[in-house]
Amino acid sequence: MKLVFIWIQGSGKWTQWKILQEKFGFNIFETGWALRKLAKENSELWKKVKETIEAWKQVSPELIEDILIDFINNSNSEKIIFDGLVRNAWNKATADKILWDYKVVFFDLPREIAEKRLLGRKYNPKTGETFLSSFNYDPKTWDKLEVRKDDNEDSIKQRINEFFDKTMPVVEEYKKEWKLIEIDANNCIEWVTKELIEKLGL
């Protein structure tokens with residue numbers, strides 16, 4: 001089972017993929033994490049990526065394809081969640097070419113709720129997990145929480161506008177292709193998890 005997660009920021013997708021990872025053994029592909037893993041391995045693929053980054057060039061679709069293939073080939077599970085892989089039309093073209101047989105999980109959240117959540121959150125810089133602004137410490141690790149530097153009103157609106165301009169048209173395309181699984185993210189964590197598990201048939 002290959003799943004592509006598409007989400008508006010503030011929808012809680014991080015929490016949900018952690019639950020799927022812990023309960024059902026999903027591997028997680030997230031571009032930043034995949035690059036850090038490659039850097040540790042110091043492979044030929046990493047050398048290509050490093051050359052691109054050091055030259056201040058944009059990572060090409062072909063290089064993204066190589067990174068995806070490397071991850072899939074070295075994955076210890078057939079259950080994989082691709083987090084943030086598809087954000088625009090050319091990302092979708094890459095996913096269609098490399099993954100071909102996959103489903104898309106779309107965490108739907110109204111714009112105004114997303115803005116409110118982003119303005120009212122803190123995060124653990126060590127794990128990336130987010131919490132309500134009323135929390136000062138991570139209740140699981142007791143790490144001190146921080147406010148993201150880019151969680152200000154102007155930055156949040158810009159990111160959300162970009163999501164609706166570039167990503168939502170791709171969501172609509174997936175809907176036409178019958179690949180889309182829509183999840184109502186405007187609910188509590190437990191309700192969202194229940195709907196996600198039921199719709200995935202896990």
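Here are a few questions and answers about this predicted model.

Reader: With which residues is Y174 in contact, leaving aside neighbours within four places in sequence?
Author: Y174 is among the core members that touch the most others. Once the neighbours within four places are set aside, its contacts are I6, V86, K92, A95, D96, Y102, V104, K179 and L180.

Reader: How do the axes of α6 and α7 cross, and what is the make-up of their contact by class?
Author: The two axes come within 10 Å and cross at roughly 145°, and the crossing is right-handed. On the α6 side the contact uses R111, A114, E115, L118 and L119, which meet E153, I156, K157, R159, I160, N161 and F164 of α7. By class, that contact has six nonpolar, one polar and five charged residues.

Reader: What span should helix α8 have, and how far apart are its end C-alpha atoms?
Author: Good one to check by hand. Helix α8 covers residues 189–200, twelve in number, and at 1.5 Å a residue they should span 16 Å. The end C-alpha atoms agree with this, because they are 16 Å apart.

Reader: Which residues of α8 are buried, and what is included in their cover?
Author: The buried ones are V192, T193, E195, L196, I197 and L200. Just after the helix, G201 takes a positive phi of about 70°. The cover over the buried residues includes β1 (2–7), α1 (13–24), β4 (103–108) and β7 (180–184).

Key
Residues numbered from 1 in each chain as written. Predicted model: local features only at pLDDT ≥ 70, side-chain atom pairs only at ≥ 80, totals over all residues. Heavy atoms only, no water. Core = buried A, V, L, I, M, F, W, Y, C linked by side-chain atoms within 4.5 Å. Buried < 20%, exposed > 50% of the residue type's maximum accessible area, 1.4 Å probe, protein only. Contact = heavy atoms within 4.5 Å. Helix = DSSP H or I, 4+ residues; strand = E, 2+ residues; numbered from the N terminus. Expected span 1.5 Å × (residues − 1). Axes fitted to C-alpha atoms, helices over the stretch in contact; angles between N-to-C directions. Left-handed = near helix turned anticlockwise from the far one by under 90°. Nonpolar A, V, L, I, M, F, W, Y, C, P; charged D, E, K, R; others polar.
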